[in-house]
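Q: Please take a close look at the charged side chains in this model. Which of them pair up, and where do the partners sit?

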Amino acid sequence: MSDIIAQLEVKRAEAMLGGGQKRIDSQHAKGKLTARERIEILLDEGSFEEIDMYVEHNCVDFGMEETKIAGDGVVTGSGTINGRLIFVFSQDFTVFGGSLSERHAEKICKILENAMKVGAPVIGINDSGGARIQEGVASLGGYADVFQRNVLASGVVPQLSLIMGPCAGGAVYSPAMTDFIFMVKDSSYMFVTGPDVVKTVTNEIVTQEELGGAVTHTTKTSVADVAYENDIEALLAARDFIDYMPLSNREEVPERPTADPWDRLEESLDTLIPANANQPYDMHEVIRKMVDEGEFFEIQPAHADNIICGFGRMEGSTVGVVANQPMVLAGCLDINASKKAARFVRYCDAFNIPIVTLVDVPGFLPGTSQEHNGIIKHGAKLLFAYAEATVPKITIITRKAYGGAYDVMASKHLRGDLNYAWPTAEIAVMGAKGAVEIIFRGKTTEEIAEHTAEYEARFANPFIAAQKGFIDEVIMPHSTRRRVALGLRKLRNKQLENPWKKHDNIPL
């Protein structure tokens with residue numbers, strides 16, 4: 001017995017060392033943590049239980065049978081974050097460059113399957129050189145096996161990807177099919193084809209960072225959601241983020257104690273809207289004064305910042321917030337904003353997270369660039385997402401709600417449960433000047449000015465919409481938190497189902 005125990009200890013020590021001390025030192029020299037160090041920071045202390053520690057690859061080509069390392073380049077298991085169950089896999093770059101083999105893929109698939117069975121989030125830490133070329137098509141098959149599990153888990157359990165090193169070729173599609181992606185600046189990158197291939201095929205000279213770095217993907221492409229300065233910052237953010245998430249689509253949103261009174265009044269909101277309708281204000285201020293303790297986890301803050309999406313809490317329970325941002329493009333909806341918000345709304349709906357929408361939108365962004373790149377189809381994504389959502393939906397119009405954008409932003413017509421307006425709300429087909437110039441075409445400047453004033457008096461307020469029942473109540477800005485909190489209480493047991501279908505056909 002003692003011999004077996006001794007043998008176990010030796011094997012365990014070998015597995016814990018991964019690719020060896022020399023490679024661990026090399027990882028540290030790049031400013032990166034090892035796979036196990038990352039798990040230690042991510043999970044509650046002492047909670048990690050590893051599985052498949054002794055798994056080895058089954059490749060016998062190119063001399064691979066002579067080099068076998070326990071774990072085969074990925075550390076897998078489960079643990080807790082603030083006491084809640086989480087499944088995790090962390091690719092180990094010190095072992096064959098973290099490359100994915102058939103057995104490596106099987107380990108990841110097992111984690112995803114276990115998570116779906118018991119209903120718990122999955123966090124994947126990616127740091128891999130790609131497919132293990134010595135295994136050829138077997139490693140490609142392994143990728144496809146992982147992709148299939150990602151798709152089956154989508155909408156069943158939350159999936160978060162942390163990119164903490166290279167992620168290239170086929171490897172990028174697994175994170176792309178998860179719900180959220182966090183990246184680390186200067187040490188992580190994602191691309192389908194690398195700089196060398198790009199140079200060969202297109203003659204473009206580009207660095208890894210420019211092609212697929214964290215800044216590129218969180219500003220230009222929207223592939224990733226947030227970029228962090230280093231591994232530790234990203235891992236701690238992941239801990240905060242997962243606290244907002246339900247364990248699965250069968251669980252309620254998490255609740256945590258809060259000392260913030262549900263009926264707290266914010267008098268400063270009464271003077272937030274500028275007297276000049278063309279002057280902007282920061283919608284972040286409204287959000288932070290509405291949610292518990294001003295805590296708001298924003299998603300894609302550096303991309304399409306004319307719309308704000310993120311998670312907060314009301315009376316300790318998670319809510320999703322979507323808000324137009326007048327500081328950027330006057331809050332207009334464009335292609336990027338529509339796609340960003342549509343994906344966010346669908347995620348909230350999949351996991352029963354109530355949605356609070358703050359509206360100040362003058363319309364869709366005009367121009368040939370928007371039209372030729374498909375604003376019609378992309379704008380329809382957001383419309384579709386709100387229309388199909390069955391979770392509690394509370395909408396507050398703070399200022400402008402013009403044209404089709406009024407409809408799109410969780411209007412009463414899209415089954416909004418509670419639709420409020422501030423006294424400063426203006427709900428109309430378009431702005432007064434534009435409307436008058438169409439209705440009274442050919443009139444003199446004086447007549448146009450007179451009719452504009454008349455139009456503003458009639459429509460630059462929320463009362464016409466309220467008369468028609470499109471607005472449930474005109475509320476004072478200072479009572480926004482109180483009204484939203486009360487609304488969410490009322491809607492806690494909301495029952496609403498869409499007609500049976502295999503799945504919808506969202507305009508992708």
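**Charged side chains and their partners**

A: E295 counts as partly exposed because its relative accessibility is 31%, a value between the 20% limit for buried and the 50% limit for exposed. The model is a predicted one. The side chain of E295 forms a salt bridge with that of R313, at 3.6 Å from N to O. This pair joins distant parts of the chain, 18 residues apart: E295 is in the loop between α11 (283–290) and β10 (297–299), and R313 is in strand β11 (residues 307–314). R313, with a relative accessible area of 6%, is buried.

In general, side chains of opposite charge can pair when their charged atoms come close. Another case is R399 with D360, whose side chains meet in a salt bridge of 3.1 Å, N to O. R399 belongs to strand β14 (residues 393–402) and D360 to strand β13 (residues 355–361), so the pair ties together parts that are 39 residues apart in sequence. Both R399 and D360 are buried.

R264 and D260 also form a salt bridge through their side chains, with 2.7 Å from N to O. Both of these residues are buried. They belong to a network of salt bridges that links D260, R264, E266, D292 and R481. Over the whole structure, a search finds 24 salt bridges.

E446, E447, E450 and E454 form a negative surface patch. Of these, E447 lies in helix α17 (residues 445–459). E447 counts as partly exposed because its relative accessibility is 31%.

Note on methods
Residues numbered from 1 in each chain as written. Predicted model: local features only at pLDDT ≥ 70, side-chain atom pairs only at ≥ 80, totals over all residues. Heavy atoms only, no water. Patch = residues over 30% accessible without salt bridge, like charges linked within 9 Å, V, L, I, M, F, W, Y side chains within 5 Å. Areas by Shrake-Rupley, 256 points an atom, 1.4 Å probe, with all protein chains shown as cover. Salt bridge = Lys/Arg side-chain N within 4 Å of Asp/Glu carboxyl O. Lys, Arg positive; Asp, Glu negative; His and termini not counted. Charge placed at Lys NZ, Arg CZ, Asp CG, Glu CD. Helix = DSSP H or I, 4+ residues; strand = E, 2+ residues; numbered from the N terminus. Buried < 20%, exposed > 50% of the residue type's maximum accessible area, 1.4 Å probe, protein only.
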